[in-house]
Amino acid sequence: MVRASGRPIFQDIRKLSFDYVPKRMPHREKQRKALETLFRPLLEARVSQNAFLVGHVGTGKTHLSTRFALDFEQEAARKNRTVRHVLVNCRQRMTDDAVLLAILKTWDDRYPDRGFSIPEKLSALRKHLERSHAHMIVVLDEADVLIRKSSDLIYALTRFDEEYEAPQGSVSVVLISQRDVLPFLDPATLSTFRRSNMVEFGKYSQEELVDILDDRVKTAFFPDVVPEDVVQLIADIAAEGGDARYAIEILQKAGELALDENLREVRPEQVREARAVTHALLSRESLEGLDRPKRMALLAIARKLEKKAYVTTGEAEEAYAVVCEEYGANKRRHTQFWKYLQDLDLLGFVVAKPSGEGVTGKTTIISLQDVPAKPLIESLEASLAR
Ligand SMILES: Nc1ncnc2c1ncn2[C@@H]1O[C@H](COP(=O)(O)OP(=O)(O)O)[C@@H](O)[C@H]1O
Ligand SMILES: [Mg+2]
């Protein structure tokens with residue numbers, strides 16, 4: 001990206017994107033080795049494996065599991081084995097059926113969205129695996145959202161080989177979560193997830209964040225655009241949560257602000273400004289994890305809440321109708337809107353609670369507590385325009 005004056009800032013801004021999976025992940029060697037050790041029997045003896053990755057947000061769980069799976073697929077191919085992985089984000093697909101559909105789509109992208117039951121889907125998956133003699137690594141990211149509703153699918157996947165006499169090594173399951181979800185699994189499912197299969201991701205220290213940032217500075221920016229003290233400052237800020245995503249987002253935003261201001265380099269002031277407008281719930285990863293109808297519902301609520309603390313569901317639904325019209329979308333029915341609201345609450349975007357007996361009678365009132373309305377509105381509008 002080149003500035004109006006022709007002086008460049010970004011060499012390759014995609015290297016800062018939430019879905020860019022780096023080849024090298026400093027300070028994650030231990031976790032990577034742990035996964036390699038856990039999964040080795042799969043190649044040697046066709047024994048399925050399960051793993052559970054736990055750690056705070058931004059500690060590299062999603063990207064390390066993807067990096068590991070991609071490399072593992074290649075290693076398997078060298079040994080003439082077919083391994084395929086799929087990562088399903090359970091914040092986006094919150095039911096067993098939706099998760100299973102995403103798994104099947106990796107085998108057949110025209111597999112119909114509707115019309116088949118869960119047992120039918122499981123047997124379709126079985127056929128694909130048998131036909132291609134493949135092993136599948138199913139990575140369930142943000143698995144706690146799914147487990148809170150049901151662990152039936154996880155159970156079925158971990159017992160996938162029980163129909164066969166000899167070990168087949170058909171399906172391995174990797175659960176990823178910010179908190180320990182094992183206590184929430186039913187005992188039968190739990191028995192397949194041993195404590196020793198848990199891989200922990202600690203928060204990054206300031207020094208570790210500097211190393212991670214240095215890599216991105218080198219690949220995403222032109223030389224000498226991001227001075228060392230700026231990297232240090234970003235790492236200081238992000239070290240509180242030990243969160244590499246936050247660090248990278250601040251780096252990107254600071255670069256964009258420098259670009260807007262026609263500067264030759266990123267300065268500490270852009271870092272401070274970037275920090276003020278960067279919030280985890282506002283990231284593209286987080287917002288685009290919501291489907292369009294939910295983003296429209298959230299936009300409606302945020303607009304209503306720009307000038308007050310609470311709105312009723314009735315007011316929110318009216319505003320939602322307006323947003324639907326604006327974006328030329330069909331307004332969903334009341335019960336559907338109600339479900340969006342429950343999901344937005346569960347995902348931490350809004351807080352919905354009973355109003356108590358007020359002038360309006362008993363209803364549910366909605367508030368925003370974690371993010372300011374204005375940047376949320378702007379981010380949602382940008383995302384809906386894409
Ligand atoms: N050790 C690391 N080296 C390089 N980049 C990293 C590292 N850890 C995390 N990241 C980056 O930080 C961001 C957040 O990582 P992610 O895997 O999504 O974290 P989590 O899933 O634990 O929330 C991603 O852009 C990822 O590429
Ligand atoms: Mg993640």
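Predicted model: local features only at pLDDT ≥ 70, side-chain atom pairs only at ≥ 80, totals over all residues.
Let's start inside. How many cavities of 30 Å³ or more does the model have? The count comes to one, and the largest cavity has a volume of about 30 Å³. If you want to find that spot in the viewer, pick out Leu35, Phe39, Ser65, Phe68, Ala69, Ile137, Val139 and Val174, which line the largest cavity.

Now for where those residues sit. Helix H1 (29–45), helix H2 (61–78) and strand S3 (134–141) each contribute at least two residues to the lining. H2 has the largest share, with three residues.

Next, the helix pair. Two packed helices are described by the angle between their axes and the distance between the axes. Here, helix H13 (residues 292–304) packs against helix H15 (residues 334–346) at an angle of about 80°, and their axes are 10 Å apart. Angles of 65 to 115 degrees count as roughly perpendicular, so H13 is roughly perpendicular to H15.

Which residues make the contact? On the H13 side, they are Pro293, Lys294, Ala297, Leu298 and Ile301; H15 brings in Phe337, Tyr340, Leu341, Asp343 and Leu344. Sorted by class, the residues of the contact of H13 with H15 come out as eight nonpolar and two charged, with no polar ones.

Note on methods:
Residues numbered from 1 in each chain as written. Chains lettered and ligands numbered in written order. Heavy atoms only, no water. 1 Å grid on protein atoms, 1.4 Å probe; cavity = no way out; pocket = protein on both sides within 12 Å on 5 of 7 lines; lining within 4 Å. Points joined across faces, edges and corners; volume = space filled by probe spheres on them. Helix = DSSP H or I, 4+ residues; strand = E, 2+ residues; numbered from the N terminus. Axes fitted to C-alpha atoms, helices over the stretch in contact; angles between N-to-C directions. Parallel < 35°, antiparallel > 145°, perpendicular 65-115°, else oblique. Contact = heavy atoms within 4.5 Å. Nonpolar A, V, L, I, M, F, W, Y, C, P; charged D, E, K, R; others polar.
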